[in-house]
Amino acid sequence: LTSAATLNMQKPDMPILQEAPADPAAVDVEMLAREHYAAVYRFCARRVGVDLAADAAQEAFLTAQRAVGRFRGESRALTWLLGIANNECRRLARKHRLRPPEIELDPARHADSGDTESAIVNRNALQEALARLSAEHREVVILHEIEGLTYEEVAAVAGVPVGTVKSRLHHAMLHLRRALGGEERP
Amino acid sequence: MNEREDLKALVDGELDPIRAAEVRSAAEADPGLGRELADLHAISQVLRTETIQAEPVGLEETLVALRRGPARKRMPFFVRMALPVAGVATVLLGVAVLLPQLVPSQDVALRSASLGAPASAPAAESAAVAADLDDAASPAVWEVRVARVDQAESQLRSYVALMPGASIESVVAGDVREVVLTVPADQQERMVEVVRELGDATPEAAAASPARVRPAPAPEVDQFERASERSSTGEPRVVRVRLVPHPDR
């Protein structure tokens, strides 16, 4: 790789592309795929289901390969890739008229964690409430709570202002808490 | 500002320090806000730690696809569908343009000869020219190649001088001379014969007698005859003859 597009494989949390690549051909998209394929695949699986996740992820990386010259390096490479994957998932969802797959919780993980604070959460009720979220609320919940993106990164991926992300998250969590009976508790 | 709306942002660490302190103080002072803060924290904790992660598949296939190089962007559906239609339309248009040249008929010959249009002129243009012939105000044009333009014009003038009521005007444009003939209705047949006589000249005869007009293609003769026939209502027929130097001269 050239100095114009330096990959940082040792620090996954740091921008993998430090600056905008001067020569798109110099950027190793294969290396990006090895680093971020799992995250992109899992995101796609939550958006369009496991049956189409591999197709969506592959198409996202092929799109990234074509568009790498336009990557400005202002965000993490993963954020950029998830933005591309998000668009691809939207396209597939429209094409196949998909209903969003369930966000499944694993109770065994709760038992293993021994976390007392979350013990009050009814997992079944939470899962049902997640299934009833609107598409916009579900999108920000996945990107922020599950993928771990910051508000700014969620905004970049979803293509909405940061204030909108904050508002959507607030209302999504309000909906989930209400479904769990949180507002009725003394 | 409503502290409740900022509770989630407080849980996520997305507030600036001053605002975070304000919201935290409000939550400590208000038991309801405090419970909500705890609930939001618990829900986030469950989502972040207990969500089932799908096992990724397809990395190798993606790497193979990437190694093939940047793929061409897939064309939109309507473009993919339009391409075969456009191909068929092109073929049909080509046939429509070329067929009149391959299968000459009286009508087709008339079109290709009018206004000096070359035989390969597009059908649409020829059709427009043919339409012009139907307009009495738009004179027909007969392009003939001659050994010497000036002598050919003199020859025509001498013929016209012998025709009662006929007149001739000429316009010079470079080597080409366009002659506008006004032929009375009762002289049209005679004028056709004159042109036929000129048309009987062979290239050799034209070389021997420079004033003779080289034979014009048959379609042009037909055109002139048709023009004359159409103006048999008694009104003078205006015919333009374009005299062009013969290339073999």
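This is a predicted model: local features need pLDDT of at least 70, side-chain atom pairs count only at pLDDT 80 or more; totals for chains, interfaces and linings use all residues.

Author: In chain A, 60% of the contacts between residues at least 6 apart in sequence join residues at least 24 apart, a contact being a pair of heavy atoms within 4.5 Å. Residues are numbered from 1 along each chain as its sequence is written, chains are lettered from A and ligands numbered from 1 in the order in which they are written, and side-chain values use heavy atoms, with hydrogens and water left out.

Chain A has eight helices and zero strands, these being DSSP runs numbered from the N terminus (helices H or I, at least four residues; strands E, at least two). Of its 186 residues, 49% count as buried. Buried means under 20% relative accessible area, exposed over 50%, and partly exposed in between, with a 1.4 Å probe and protein chains only.

Two packed helices are described by the angle between their axes and the distance between the axes. The axes are lines fitted to C-alpha atoms, for helices over the stretch in contact, and the angles run from 0 to 180 degrees between N-to-C directions.

Within chain B, helix α2 (residues 17–29) and α3(B) have axes that come within 5 Å and cross at roughly 115°. The two are therefore roughly perpendicular to each other; angles of 65 to 115 degrees count so, those under 35 as roughly parallel, those over 145 as roughly antiparallel and the rest as oblique. Ala26(B), Ala27(B) and Ala29(B) of α2(B) meet Pro31(B), Leu33(B), Gly34(B) and Leu37(B) of α3(B). By class, this contact has six nonpolar residues, one polar and no charged. Here Ala, Val, Leu, Ile, Met, Phe, Trp, Tyr, Cys and Pro count as nonpolar, Asp, Glu, Lys and Arg as charged, and the others, Gly among them, as polar.

From chain A, helix α8 (residues 162–179) packs on α3(B) at an angle of about 95°, with the axes 10 Å apart. That angle makes α8(A) roughly perpendicular to α3(B). On the side of α8(A), the residues are Met173(A), Leu174(A), Leu176(A) and Arg177(A); α3(B) contributes Arg35(B), Glu36(B), Asp39(B), Leu40(B), Ile43(B), Ser44(B) and Leu47(B). Six nonpolar, one polar and four charged residues make up this contact.

Glu36(B), a residue of α3(B), counts as buried at 5% relative accessibility. Residues up to four places away in sequence aside, Glu36(B) touches Leu174(A), Arg177(A), Arg4(B) and Leu7(B).

Arg123(A), Leu126(A) and Leu130(A) of α5(A) make the contact with Ile43(B), Val46(B), Leu47(B) and Glu50(B) of α3(B). Five of the residues in this contact are nonpolar, none is polar and two are charged.

Helix α5(A) spans residues 123–131, and its buried residues are Arg123(A), Ala125(A), Leu126(A), Gln127(A), Ala129(A) and Leu130(A). At its start, a side-chain oxygen of Asn122(A) reaches to within 3.0 Å of the backbone nitrogen of Asn124(A).

Leu176(A) connects several of these places. Leaving aside its neighbours within four places in sequence, Leu176(A) is in contact with Leu126(A), Ala129(A), Leu130(A), Leu133(A), Ile43(B) and Leu47(B).

In soluble globular proteins, nonpolar side chains tend to be buried together. A nonpolar core is a set of buried Ala, Val, Leu, Ile, Met, Phe, Trp, Tyr and Cys residues joined through side-chain atoms within 4.5 Å. The largest such core here has 75 residues, and those with the most contacts inside it are Val40(A), Cys44(A), Trp80(A), Leu126(A), Leu130(A) and Leu176(A). Its largest share, 10 residues, comes from helix α1 (residues 29–48) of chain A. A second, separate core of 16 residues includes Val149(B), Leu156(B), Ala166(B) and Val179(B).

His144(A) lies in helix α6 (residues 135–146) of chain A and, at 5% relative accessibility, counts as buried. Among the residues it touches, not counting those up to four places away in sequence, are Leu169(A), Lys8(B), Asp12(B) and Arg48(B).

Note on methods
A polar contact is a pair of N or O atoms within 3.5 Å; within protein, one must be able to donate a hydrogen and the other to accept it, and residues adjacent in sequence count only if both atoms are side-chain atoms.
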